[in-house]
Amino acid sequence: MLTMKTWVSILIIGVNILVEKLFTNLTPDEIATLGLSLGLALAKSLTLDELRVLGNVLSETGGVLLVIAAQRALLEAQKTQQNQNSTHDLQAQIQYLQNQIDHLKTKIG
């Protein structure tokens, strides 16, 4: 009998393969059809209690994935904003220094 850790490792490997090889090459309609097909296939082979458990696990997994995606988007947006602010600050410093140089040139010249 496989341990939970082994099952999770197998699942992670399978998901990585799906994402890398399958999902990146499918249209949104094809992914929806795939989900529908998997759901129907599982429904035929599982008991009512097994369907409830699997449905709850998949819902929880989906919720976790959405939280992670939202947090990643937030962090990326913050990083982009920080980079933009940093660039703006550097441009302002360059402009200030250029003004100082021009001012010194007029004093000397």
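Q: What makes a stretch a helix here, and how are the helices numbered?
A: Helices are DSSP runs of H or I with at least four residues, strands are runs of E with at least two, and both are numbered from the N terminus. Arginine 52 and aspartate 49 both lie in helix 3, 3 residues apart, which is about one turn of the helix.

Q: What kind of model is this, and which pLDDT do local features need?
A: This is a predicted model: local features need pLDDT of at least 70, side-chain atom pairs count only at pLDDT 80 or more, and totals for chains, interfaces and linings use all residues. Residues are numbered from 1 along each chain as its sequence is written, and side-chain values use heavy atoms, with hydrogens and water left out.

Q: Why is the contact of arginine 52 and aspartate 49 called a salt bridge?
A: A salt bridge needs a side-chain nitrogen of Lys or Arg within 4 Å of a carboxyl oxygen of Asp or Glu. The structure holds 1 salt bridge.

Q: How do you know which label leucine 11 gets?
A: Leucine 11 sits in helix 1. Its relative accessibility is 54%, so leucine 11 counts as exposed.

Q: What about leucine 26?
A: Leucine 26 is placed in the loop between helix 1 and helix 2. Its relative accessible area is 25%, so leucine 26 is partly exposed. From leucine 26 to leucine 46 there are 20 residues in sequence and 27 Å in space, C-alpha to C-alpha.

Q: What makes up the lining of the largest pocket, by class?
A: Ala, Val, Leu, Ile, Met, Phe, Trp, Tyr, Cys and Pro count as nonpolar, Asp, Glu, Lys and Arg as charged, and the others, Gly among them, as polar. By that rule, the lining has 17 nonpolar, 6 polar and 1 charged residues.

Key. Buried < 20%, exposed > 50% of the residue type's maximum accessible area, 1.4 Å probe, protein only.
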